[in-house]
Amino acid sequence: MKFGTLRIVAITTAAALGVSGCEQLSPGGNAAAFGGGAALLAGGLARAAGMSGTQSMLIGAAAGAAVALTAYVIAKHQATERQHQVAQARARIAAAHIAARRHVQHGSVAQSGGSSRSGSTQRLPRYIAVDTEKDQHTSPKAQKSVMIYDTESQEIVGNNVYDVGKTPQVGSTAKFDTYSAEYVGTGS
């Protein structure tokens with residue numbers, strides 16, 4: 001192994017150990033720290049695998065961006081019954097709108113080429129993130145409070161409200177804990 005490669009791996013390992021003590025950071029702080037760490041690690045591994053400096057930098061940047069998708073979330077707390085009801089109602093409306101727009105037929109798989117005689121057929125995203133009401137537990141820095149809805153079970157997942165500091169763009173996918181969810185806003 002080359003000395004430069006060993007140095008990259010050593011620096012990356014030290015950085016990973018350094019951020020492992022970040023348990024007291026906010027979710028946004030963790031996203032920034034771990035996104036940066038993932039970028040260094042992925043870039044270092046790509047360089048060690050023999051890729052050029054530019055290629056390894058691009059791979060590192062892509063990995064860091066993927067990990068940092070959680071940067072939207074600034075706080076997480078338990079939902080009130082009212083927040084749960086609002087999110088459930090909005091999510092059902094949003095899922096119906098998505099199904100109508102995308103010509104979704106429940107249980108069907110898109111045909112080859114993504115089209116059929118009646119137009120293109122797609123599946124609903126498994127999870128959608130929908131706005132709910134803010135309450136006394138909402139972070140003062142939050143733009144929105146969202147909950148995650150499972151389109152297969154047609155229920156809100158768990159009882160967590162995620163306060164987001166920057167609202168994702170409607171239709172984009174963001175990471176909330178272990179869920180990658182398409183953000184739908186209020187669903188109207």
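How many aromatic pairs does the structure hold? This is a predicted model, and it holds two. A pair of aromatic rings is described by the distance of the centres and the angle of the planes.

Start with Tyr-127 and Tyr-179. Their ring centres lie 4.8 Å apart, and their planes meet at 65°. Planes over 60 degrees apart count as edge-to-face, so this pair is edge-to-face. Now look at where the two rings sit. Tyr-127 belongs to strand 2, residues 127–132. Tyr-179 belongs to strand 7, residues 179–185. Buried or exposed? Tyr-127 has a relative accessible area of 18%, so Tyr-127 is buried. Tyr-179 is partly exposed, at 23%.

Next come Tyr-162 and Phe-176. Here the centres are 5.5 Å apart and the planes are at 55°, a tilted pair. Tyr-162 is in strand 5 (residues 160–164), while Phe-176 is in strand 6 (residues 173–176). They are 14 residues apart, and this pair too links distant parts of the chain. Tyr-162 is buried, with a relative accessible area of 3%. Phe-176 is buried as well, at 0%.

Now move to the loop between strand 2 and strand 3 (144–150), where Asp-135 lies. Asp-135 is buried yet has no salt bridge. Which side chain of opposite charge is nearest? It is Lys-134, 10.0 Å away. A salt bridge needs the charged atoms within 4 Å. What does the side chain of Asp-135 reach instead? It reaches the backbone nitrogen of His-137 at 2.9 Å. Beyond its close neighbours in sequence, Asp-135 is in contact with His-77, Thr-80 and Gln-83.

Methods
Residues numbered from 1 in each chain as written. Predicted model: local features only at pLDDT ≥ 70, side-chain atom pairs only at ≥ 80, totals over all residues. Heavy atoms only, no water. Phe/Tyr/Trp six-rings, centres within 6.5 Å; stacked < 30°, edge-to-face > 60°. Helix = DSSP H or I, 4+ residues; strand = E, 2+ residues; numbered from the N terminus. Buried < 20%, exposed > 50% of the residue type's maximum accessible area, 1.4 Å probe, protein only. Lys, Arg positive; Asp, Glu negative; His and termini not counted. Polar contact = N/O pair within 3.5 Å; in protein donor to acceptor, adjacent residues only side chain to side chain. Contact = heavy atoms within 4.5 Å. Lists of a residue's contacts leave out its neighbours within four places in sequence.
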